[in-house]
Amino acid sequence: MKELIRTNDPTIIAFVSALLQGEEIVCFQMDVHMSILEGSIGVLPRRIMVADRDLFRARAVLRDNGIDLPESG
């Protein structure tokens with residue numbers, strides 16, 4: 001699994017998940033339940049992970065839909 005995006009914005013998480021599902025790319029949200037530990041104030045970012053084989057395609061889908069991604073390292 002590779003990290004595709006990390007954000008505090010729940011709307012971006014929902015949008016990215018919907019885009020990936022629409023392209024039949026399986027994604028997994030991590031850190032969803034961390035809000036219990038942080039008190040639901042939104043300081044801890046959530047991550048969306050995809051399989052290694054889907055990373056290139058997933059990044060292309062997000063770029064095509066105007067979602068800025070950090071440069072891959």
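## A residue in the middle of things

Let's start with Val16, which touches Leu4, Ile5, Ile48, Leu62 and Ile67, leaving aside residues up to four places away in sequence; contact here means heavy atoms within 4.5 Å. This is a predicted model, where local features need pLDDT of at least 70 and side-chain atom pairs count only at pLDDT 80 or more, while totals for chains, interfaces and linings use all residues. Residues are numbered from 1 along each chain as its sequence is written, and side-chain values use heavy atoms, with hydrogens and water left out.

## The core

The largest nonpolar core has 14 residues, and Leu4, Val16, Leu20, Ile48 and Leu62 touch the most other members. Such a core is a set of buried Ala, Val, Leu, Ile, Met, Phe, Trp, Tyr and Cys residues joined through side-chain atoms within 4.5 Å, with buried meaning under 20% relative accessible area (1.4 Å probe, protein chains only). Strand 1, helix 1 (10-22), strand 3 and helix 3 each give two or more residues to this core. Helix 1 supplies the largest share, four residues.

Three strands make an open, antiparallel sheet in the order 1-3-2. Strand 1 (2-7) and strand 2 (27-30) each have a single partner strand, so one side of each lacks a neighbour in the sheet. Strands pair if DSSP finds at least two bridges between them; strand 2 and strand 3 (residues 46-50) have four.

## Confidence

The protein chain averages a pLDDT (the predictor's confidence in each residue, from 0 to 100) of 88. Confidence is highest in helix 3, at 96, and lowest in helix 2 (residues 35-38), at a mean of 62. Helices (H or I, at least four residues) and strands (E, at least two) are DSSP runs, numbered from the N terminus.

How values were computed: Buried means under 20% relative accessible area, exposed over 50%, partly exposed in between (1.4 Å probe, protein chains only).
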